[in-house]
Amino acid sequence: MMSSLYIGAVGMIALGDGMQVVANNLANVNTVGFKERMALYQDLYNSYQTAPSNNVTNLSQQGHGVKLSAISTRFYETGAMQAGSDAMDMAISGKGFFKVSDNGKIAYTRAGNFRFNKEGYLVEPNGYVLNSKTGPIQLNPAQLTMPAKATGTAKIVSNLGMGDAMATSATDPFFSMVGHWSGLNDPPLGEASRGFQDQVSVYDKNGQSHVLTISYDKVDVTTDGRKIFQYVIGMNPSEDGRADYAGTDGAGILATGTMTFTASGLLQDMTAYTPTGGGAAVGNLNNWQGIAVGADGIPLQLTFKTYDANGLPTGTTTQSLSLNLGMNSAPPSGGGSGTAAAVGTNPANLPGYTAGASLPVPTNTRDLTTAYAGGSSNQYRTQNGYGQGGLVRLSINTGGVISGQYSNGQSLDLFEVPLYRFNGEQDLHAEGSNLFTPTNLSGPAQEGTAGTENFGSIYGNSLELSNVDMARQFASMIITQRGFQYNSKV
């Protein structure tokens, strides 16, 4: 009789502990990253009414009740995702924990409600700092601003569809636009002296923007059915910082050359020339020299006038730039050679062109300047420079990389947030406040990259909610309550 009273009491104790598990689940139904727990029971020891013997096959055994053997956590089940209120809200879909630290103490969490504090650390509500692969995440002053980058390469791809030559010359048909250029006029090359015109903006090392203008015109010369165009590369004469060009007709002019196309309009070859001897001499083609055109474009040496925030001149800055006018490789001729005067007066000496020669036809025309009939237009333009920019916003991708977007339109990867897993995650010690710490039974943390095998993905501007199933908890509550009630009857 006394044993049965003891068993009833033990049952009430065990089921009361089980009810506490249910109550804790329901209390945390809205807790970010909380994982539902399940009470597991096992019977207590048994005593024998008949002494064990090898000859006895049906021993009389009596149980002594029940106990709460373990509380299992449903780590494997991801909670529902909810839109966050900040870009640094993070949710893990799948396996893994975030690593956080505070004064040397390390913990792990599924709750991703992180915010930057006044020192620039990315912390969770208890002040623990989120760790990247290289240590605690802290925005430093250098990451708040992106310095300017001077343009090193630029590309501008067009279709030259004009059919008539605008600027003609009986003596220099390949370079007639040069004779019409005047850095004292605005614009320096009028519409009547050119065909199609295109522009690309580039940046100097101070982050100031400058516009390069490329003017094209058809050459009124036909050779073996091929089409030849001349081009002039220029800048705003008022921004030309070359001392011996300022205030002259040659101010702003940077380069000239020719482009040879097949009869069907595919670019085959081109030449390039740069002026020498100062701005007053550019009208004389003997003062131009050929330059080799590389695979990345025409090499230009630019000198820009610079200005402060108030528009006042501060000096000049010089930089090198390669401008690609829509080639897919270096020209077969290797660029210009000789003097421009010789080219202008004798078309047969055009570098890269030999009468009757079979030049290679490019196979990749996607990013090539073409000469298809039907009108001239820009296809696209690109360059790799930018001005100074300030940090505008942050974002995180599914691989855990936190990137900064800046006011200059650029982005920069700042941190990489790893995920951690444990072989015995059921044996992690729950510290409270959504934090877990490893134990001897859980084993050490294993670091991995989000989105790779055996690790979940990270979603920015999202939060993982509790995975508590309300219906399951109420069913468990009813069963536990009845068990408690029946034991109280005993």
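Tyr 108 is buried, with a relative accessible area of 6%. Buried means under 20% relative accessible area, exposed means over 50%, and partly exposed lies in between (1.4 Å probe, protein chains only). Tyr 108 sits in strand β8, residues 105-109. Helices (H or I, at least four residues) and strands (E, at least two) are DSSP runs, numbered from the N terminus.

What does Tyr 108 touch, leaving out residues up to four places away in sequence? Its contacts include Phe 97, Phe 98, Tyr 420, Phe 422, Leu 435, Phe 436 and Pro 438. A contact means heavy atoms within 4.5 Å. Pro 438 is 330 residues from Tyr 108 in sequence. In space, the two are 8.4 Å apart, C-alpha to C-alpha.

Now step back to the whole protein. This is a predicted model, in which local features need pLDDT of at least 70 and side-chain atom pairs count only at pLDDT 80 or more, while totals for chains, interfaces and linings use all residues. Residues are numbered from 1 along each chain as its sequence is written, and side-chain values use heavy atoms, with hydrogens and water left out. The pLDDT is the predictor's confidence in each residue, from 0 to 100. The protein averages 86, and 89% of the residues score at least 70. Over residues 333-366 the pLDDT is below 50. Beyond near neighbours in sequence, that stretch has 74 contacts in the model.

The protein has 490 residues, and 46% of them are buried. Its secondary structure comes to four helices and 33 strands. Take the contacts between residues at least 6 apart in sequence: 66% of them join residues at least 24 apart.

Next, the sheets. Strands of a sheet pair through backbone hydrogen bonds, either parallel or antiparallel. Here, two strands pair if DSSP finds at least two bridges between them.

Look at β22 and β23 (residues 313-324). They pair in the antiparallel sense over 10 bridges. Leu 300 has Leu 321 in β23 as its bridge partner. Pro 299 stands opposite Ser 322 in β23. The two strands form a hairpin with five residues between them. In the turn, Gly 311 has a positive phi of about 80°.

A second open sheet of four strands runs in the order β13-β25-β26-β27, with antiparallel pairing. Why is one side of β13 (145-146) and of β27 (411-416) left without a neighbour in the sheet? Each stands at an edge and has a single partner strand. Further in, β25 (389-396) and β26 (401-406) pair over five bridges. Ile 396 stands opposite Ile 402 in β26.

Finish with the loops. A cis peptide bond, with omega about 5°, joins Asp 186 and Pro 187. Pro 187 lies in the loop between α2 (176-180) and β15 (197-203). Asn 454 has a positive phi of about 75°, although it is not a glycine. Asn 454 is in the loop between β31 (446-448) and β32 (457-460), and counts as partly exposed at 48% relative accessibility. Asn 461 has a positive phi near 55°. Its loop runs between β32 and β33 (462-464). Asn 461 is partly exposed, with a relative accessible area of 38%.
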